[in-house]
Amino acid sequence: MLFIDTSSRNRRNGFLPATTKLVLLSAIALVSCFRVLAQPGYTPTAANLEARREFQDARFGMFIHWGVYSVLGNGEWVMELRPITVHDYERLPPLFNPMKFDAAKWVALAKSAGMKYITITSKHHDGFAIFETRQSGWNVVARTPYGKDVIRQLAEQCHQQGIKLFFYYSQLDWHNTDYFPRGRTGHSTGRPESGNWNAYLDYMNAQLRELLTNYGEVAGIWFDGMWDKPDGDWQLGRTYSLIHQLQPQALIGSNHHKAPFPGEDFQMFEKDLPGQHTTGFNPDQSVSDLPLETAETMNTSWGFNITDDQFKSTTELIRYLVRAAGDNANFLLNVGPMPNGEIQPEFVERLHEVGAWTRQYGESIYGTRGGPIPPGSWGVTTQLGDTVYVHVLDWNDGTLALPKLSRAVRGARLLRDGSAVPYTVNDYGLLLKLADRPAGLVDEVVVVTLAE
Ligand code: FHN
């Protein structure tokens with residue numbers, strides 16, 4: 001039993017005896033240690049393992065950030081950044097009436113780009129549910145003139161059009177008063193300085209139960225926001241076992257920017273390829289053996305931002321997909337639909353162009369795993385069975401020298417036209433003789449067939 005001296009005198013003076021400090025520190029370490037155990041002893045079911053395989057095979061998904069914040073056209077963090085109190089923010093739902101929302105169109109657009117799954121924000125940090133929830137009136141059906149369950153419509157279309165659906169769920173909540181004590185954010189919302197943390201967790205778990213009960217098969221839950229209270233008592237074990245018990249195949253991932261905790265089924269990275277640390281989001285995030293995914297925006301915003309015109313080119317987006325696949329990761333590409341329910345034309349245009357590429361080169365991406373040659377500035381490799389796809393992204397010389405493969409090479413050809421690629425294998429490696437690439441070619445894919 002641990003004893004901690006927290007007498008008021010000591011607390012008032014900011015003084016703790018050395019032994020107490022030691023005990024306290026060990027207690028904190030112990031508690032944190034228990035917390036990260038999350039779902040100890042978790043063994044994924046056969047259905048879950050199969051879902052992980054299918055997830056890796058999918059390689060490309062659409063991320064959707066949509067909520068009442070879209071009305072303000074200033075991204076999904078507008079409540080925190082402006083800042084806006086809960087009282088004022090509650091004036092937004094009555095303005096949310098997306099008459100042009102057509103779930104069938106969104107799903108068809110994702111499919112036309114070659115995306116195999118969709119991950120949508122069922123509830124972002126503003127706590128607003130775009131699904132019908134009995135846990136509070138802070139939801140699209142109860143509070144908006146639109147009055148319809150967005151998630152239901154999307155789920156129906158995903159099931160109908162054969163595309164998997166993940167639910168993003170923000171553990172962080174700027175609206176719920178029980179999200180207390182507060183973490184790094186949400187201090188300007190005007191909420192009372194009190195709340196019942198356990199009641200908040202009950203609320204969250206009840207909403208997750210709804211999501212996993214009312215919308216058919218769910219591909220997974222994409223958690224976000226735990227970073228707001230890294231040392232919070234999240235009781236992840238309870239949440240993760242609930243999900244795994246309700247839908248054993250559903251994959252759990254959490255954007256906590258740390259190595260995965262037991263009970264998680266995939267690992268995600270934000271605006272960085274696995275192992276990269278360019279954004280500061282993933283400073284000490286190691287790469288695990290779980291299926292990997294990296295999420296990126298089309299411009300610089302997740303939620304609809306009316307002034308953000310820093311669009312990535314189609315070439316950049318395709319190359320990101322290719323680099324992710326070369327790193328054995330999926331690419332989750334974001335759109336932030338407008339408040340009228342449409343996806344802005346700049347996004348649609350790029351998605352169609354990406355689709356033209358995936359239709360021609362998809363075999364070098366879907367179903368593959370990261371290839372045998374480490375990624376380099378020249379490009380990456382992917383592999384499916386006896387075939388290694390060499391994606392030459394940035395190389396203009398006539399010869400590309402690669403490390404030697406562990407198996408003999410039987411042939412090499414260009415994916416774009418099937419023409420033979422001359423090659424040599426010697427003690428030093430594999431040399432590919434590349435023809436001049438046509439102007440504007442995004443990725444010269446060389447299909448290398450390995451001998452039995
Ligand atoms: O704060 C969120 C942000 O709004 C967005 O949802 C991204 C998506 O990866 N995740 C969080 C930041 O880490």
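Predicted model: local features only at pLDDT ≥ 70, side-chain atom pairs only at ≥ 80, totals over all residues.
Residues are numbered from 1 along each chain as its sequence is written, and side-chain values use heavy atoms, with hydrogens and water left out.

Along its principal axes the C-alpha trace spans about 80 × 60 × 40 Å.

Now for the sheets. An open sheet of 8 strands runs in the order β5-β4-β3-β2-β1-β8-β7-β6, with parallel pairing; two strands pair if DSSP finds at least two bridges between them. At its edges are β5 (251-254) and β6 (267-270), each pairing on one side only. Neighbouring strands in this sheet are turned by 25° against each other on average, direction ignored. Within it, β7 (residues 292-296) and β8 (residues 329-335) run parallel and are joined by 5 bridges, and E293 has N330 of β8 as its bridge partner.

Helix α8 (residues 150-161) covers β2 (117-123) and β3 (164-170), running at about 165° to β2. Helix α9 (residues 197-211) lies across β2, β3 and β4 (220-224), at about 170° to β3. Axes here are lines fitted to C-alpha atoms, for helices over the stretch in contact, and angles run from 0 to 180 degrees between N-to-C directions. Contact means heavy atoms within 4.5 Å.

The other open sheet has 5 strands in the order β9-β10-β11-β16-β13, and its pairing is antiparallel. β9 (369-370) and β13 (409-414) stand at the edges with a single partner strand each, so one side of each is left without a neighbour in the sheet. Strands β10 (residues 379-384) and β11 (residues 387-392) pair in the antiparallel sense over 6 bridges, with T382 opposite Y389 in β11. Helix α11 packs on this sheet and touches β9, β10 and β11, its direction making about 60° with that of β10.

Next, the helix pairs. The axes of α11 (residues 314-326) and α12 (residues 345-361) come within 9 Å and cross at roughly 50°. That makes α11 oblique to α12; angles under 35 degrees count as roughly parallel, over 145 as roughly antiparallel, 65 to 115 as roughly perpendicular and the rest as oblique. The crossing is right-handed, the term for a near helix turned clockwise from the far one by less than a right angle, with anticlockwise giving left-handed. T314, L317, I318, L321 and V322 in α11 meet R350, E353, V354, W357 and T358 in α12. These contact residues divide into 6 nonpolar, 2 polar and 2 charged, where Ala, Val, Leu, Ile, Met, Phe, Trp, Tyr, Cys and Pro count as nonpolar, Asp, Glu, Lys and Arg as charged, and the others, Gly among them, as polar.

Helix α6 (residues 103-113) and α8 have axes that come within 8 Å and cross at roughly 45°, which makes α6 oblique to α8. This crossing is right-handed. In α6, A103, A104, W106, V107, A108 and K111 meet Q153, L154, Q157, C158 and Q161 in α8, a set of 7 nonpolar, 3 polar and 1 charged.

Helices α9 and α10 pack at an angle of about 15°, with axes 10 Å apart, and are therefore roughly parallel to each other.

Most residues other than glycine have a negative phi, and most peptide bonds are trans. The bond from F180 to P181 is cis, with omega near 0°, and P181 is found in the loop between β3 and α9. Q235, although not a glycine, has a positive phi of about 50°; its place is the loop between β4 and α10 (236-246).

Definitions and conventions:
Helix = DSSP H or I, 4+ residues; strand = E, 2+ residues; numbered from the N terminus.
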